[in-house]
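Dear colleague,

Please find below the structure that I am handing over to you. My findings follow it.

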Amino acid sequence: MKPTAILLLHCPDKQGIISDVTKFITDNKGNIVYLDQYVDREDAMFFMRIEWELENFLIPREKIQDFINTLYAQRYKMEFQLYFNDEKPRMAIFVSKLSHCLYDLLARYKAGEWNVDIPCIISNHEDLRYIADQFKIPYYVWSIKKDHSNKAEVEKAEMELLKKEKISFIVLARYMQIISDDMIKTYPNHIINIHHSFLPAFIGAKPYHRAWERGVKIIGATSHYVTAELDAGPIIEQDVTRITHKDTPESLVLKGKDIEKIVLSRAVTKQIEHKILTYHNKTIIFS
């Protein structure tokens, strides 16, 4: 792949934004390979993702951010992020005892589906170390006491590892612990979680069994960014599957695991491809 720059931006909607940004790129010999935009008419906000090739671009990549900030960010009250497709994001995976999401993430990584590095897997249990060993990825365990008396100490050690490994974003692959506010603030809108979509109806243990007892006809999964309010962060991806009276609690669990894997992988794909913009408590997902 040719090196490209990826610009994600949002600002109050105003005439001339697309024209100015595309002119800046083409005037400097950049070849635009992707452009998608959206206007939220309720809030009068403009959102855009644009990507262009750097091969003949006249501005050095280390100067592009300064140019955009000087020429357009102040003028349009614009917030933006700039990425380069040849700089791989670094993803940390947090797990507990359930293996289905971890296996799916690592299989996609090993198959070369994602332009990402996975330097570490972090857990509060030893149970899934054998999976990390299969994929030759370092596996770190910090056990958390039942009374959570050592949780602050554990998160401090985890944060030191994340900083050392220069982690870009975190994926909670059925990690059964609440993330602290400090970690959330360090990685705002960069911690992705996955859970079933029964919330708030079936909270706690064995939600699929209780959904079966209630006779639900649709089950699903939700992937979202982690915020201080539990399971209430901006939603990235969701999906559902239908079930019938012929299903058992066990078949619901299997179908639930399948959809959790798919929904989480879709969210991770969008994160790696820099196709997510967050605004307030919502996401704009570019195609």
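**Helix α7 and its surroundings**

Helices α7 and α8 are oblique to each other, because the angle at which they pack is about 125°. Please note that the model is a predicted one.

Two packed helices are described by the angle between their axes and the distance between the axes. For α7 and α8, the axes lie 9 Å apart, and α7 passes α8 in a right-handed crossing. On the α7 side, Tyr208, His209 and Trp212 make the contact. On the α8 side, the contact is made by Pro249, Leu252, Val253, Gly256, Lys257 and Glu260.

Helix α7 itself covers residues 207-214, and Pro207, Tyr208 and Ala211 are buried in it. Seen down the axis of α7, these buried residues fall within an arc of 95°, so they line one face of the helix. An α-helix has 3.6 residues a turn, so residues three or four places apart point the same way.

What do the buried residues of α7 pack against? Their partners are the strands β9 (191-196) and β10 (218-225), together with helix α8 (249-272). After α7 comes Gly215, which has a positive phi, near 80°.

Elsewhere in the chain, UniProt, in an unreviewed entry, places the feature "domain: ACT" at residues 6-75.

With kind regards

Technical notes: Residues numbered from 1 in each chain as written. Predicted model: local features only at pLDDT ≥ 70, side-chain atom pairs only at ≥ 80, totals over all residues. Heavy atoms only, no water. UniProt positions renumbered as here; feature names shortened; annotations may be inferred. Buried < 20%, exposed > 50% of the residue type's maximum accessible area, 1.4 Å probe, protein only. Helix = DSSP H or I, 4+ residues; strand = E, 2+ residues; numbered from the N terminus. Arc of directions from axis to C-beta. Contact = heavy atoms within 4.5 Å. Axes fitted to C-alpha atoms, helices over the stretch in contact; angles between N-to-C directions. Parallel < 35°, antiparallel > 145°, perpendicular 65-115°, else oblique. Left-handed = near helix turned anticlockwise from the far one by under 90°.
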